[in-house]
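This briefing covers strands, helices and a pocket in one protein model. Please look at the sequence and the structure first.

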Amino acid sequence: MQETEGIVLRTYKLREQDKIAVVLTKKFGKIRGVFHHPRRQITTNGIYEEPFSEIRIQVYGREGQQLLTLKPIELIHSVFDKAIDPQILTFISYAAELLDSFIHEGEPSDVHYRLARALTFNLKHEIIEDLRVYIEIWILKLAGLLPNPQSCGKCRIALEKENWIAADGTPMCRNCGGQYGEYLGEKERAVWASILANSPADLPTIEAGMRKDLSLITQRLIRRALDKEPNSLRSFSVFELPGMAGSQG
């Protein structure tokens with residue numbers, strides 16, 4: 001038995017009361033285990049099993065075991081009161097799906113944990129669209145799939161004011177790109193850099209047009225990496241967020 005802090009990403013019903021949980025932990029990285037009879041935890045009323053709840057858990061199991069046994073012992077932070085907002089709940093589902101899809105099991109990653117934790121503390125309705133673009137860029141960055149718009153992927157010339165992002169994510173200059181792909185001008189590049197330089201709490205407001213332009217790139221690259229569209233992405237169409245529904249690449 002070992003103890004660690006973790007952020008719940010997803011849960012699936014196993015039996016009448018038991019649930020399989022995917023938890024991003026500080027000590028072990030992403031793990032899968034079983035919460036046995038979670039609803040008996042009267043003091044937290046099952047909140048510890050909700051996505052984006054930060055909990056302290058005891059982990060039981062042997063190395064290489066597919067499903068561990070998880071025993072929650074403390075609720076550190078909950079977003080339960082914020083998740084009553086449908087738009088925030090949709091974002092939580094989307095962020096959890098991206099983290100689950102891009103993080104390998106059993107590989108501790110402090111930066112992924114800090115990203116997830118920062119998002120849990122900054123869930124506000126008025127910035128949820130900006131947070132969506134934020135996690136898309138950062139999840140690609142941490143996976144080594146985010147284009148670096150500092151130089152052309154073909155001729156290697158420095159890109160100082162503008163560039164195009166090709167379908168495969170290659171940044172290109174005006175000459176090499178032939179002006180195909182998504183365009184990043186000075187303003188778009190500044191927003192791109194701002195996302196990478198700031199925490200969610202310090203992120204400047206992103207204009208709707210900028211979000212749409214950046215999402216055309218990030219969502220195409222996410223679909224390319226996963227070989228599918230994230231299931232929870234479609235849910236955003238209910239809110240008619242720019243760049244969310246029907247973007248194709």
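In what sense do S1 and strand S4 pair, and over how many bridges? S1 and S4 (residues 54-60) are antiparallel, with six bridges. The model is predicted, so local features need pLDDT of at least 70 and side-chain atom pairs count only at pLDDT 80 or more, while totals for chains, interfaces and linings use all residues. Numbering starts from 1 along each chain as its sequence is written, and side-chain values use heavy atoms, with hydrogens and water left out. Helices (H or I, at least four residues) and strands (E, at least two) are DSSP runs, numbered from the N terminus.

**The barrel**

- Five strands form a closed barrel in the order S1-S2-S3-S5-S4, with mixed pairing; two strands pair if DSSP finds at least two bridges between them.
- From one strand to the next, the twist averages 50°; angles run from 0 to 180 degrees between N-to-C directions, and axes are lines fitted to C-alpha atoms, for helices over the stretch in contact.
- Glutamate 5 has arginine 56 in S4 as its bridge partner.
- H1 packs on this sheet and touches S1, strand S2 (19-25) and strand S3 (29-35), its direction making about 115° with that of S1; contact means heavy atoms within 4.5 Å.
- Helix H2 (residues 110-120) lies across S1, S2, S4 and strand S5 (68-77), at about 65° to S1.

**H1 with H3**

- Packed helices are described by the angle between their axes and the distance between the axes.
- For H1 and helix H3 (residues 128-142), the angle is about 0° and the axes are 10 Å apart.
- H1 and H3 are therefore roughly parallel; the classes are roughly parallel for angles under 35 degrees, roughly antiparallel for over 145, roughly perpendicular for 65 to 115, and oblique for the rest.
- Residues of H1 including Phe91, Leu98 and Phe102 meet residues of H3 including Leu131, Ile135 and Ile139.
- The contact of H1 with H3 has eleven nonpolar, one polar and three charged residues; Ala, Val, Leu, Ile, Met, Phe, Trp, Tyr, Cys and Pro count as nonpolar, Asp, Glu, Lys and Arg as charged, and the others, Gly among them, as polar.

**The open sheet and its helices**

- Three strands form an open sheet in the order S7-S6-S8, with antiparallel pairing.
- Strand S7 (171-172) and strand S8 (182-184) are at the edges with a single partner strand each, so one side of each has no neighbour in the sheet.
- Strand S6 (residues 163-165) is joined to S7 by two bridges, and isoleucine 165 is opposite proline 171 in S7.
- H5 lies across S6 and S8 at about 80° to S8, and H6 lies across S6 and S8 at about 125° to S8.
- Helix H5 (residues 186-197) packs with helix H6 (residues 208-226) at about 75°, their axes 10 Å apart, which means that H5 is roughly perpendicular to H6.
- Lys187, Glu188, Val191, Trp192 and Ile195 in H5 meet Met210, Asp213, Leu214 and Ile217 in H6; six residues of this contact are nonpolar, none polar and three charged.

**The second largest pocket**

- The second largest pocket has a volume of about 240 Å³.
- Of its 13 lining residues, Glu50, Pro51, Leu89, Ile92 and Ser93 lie nearest the centre.
- A pocket is an open set of points on a 1 Å grid over the protein atoms alone, where a 1.4 Å probe fits, with protein on both sides within 12 Å along at least five of seven lines; lining residues have an atom within 4 Å of a point.
- Grid points are joined across faces, edges and corners, and a volume is the space filled by probe spheres set on the points.
- H1 gives the largest share of the lining, four residues.
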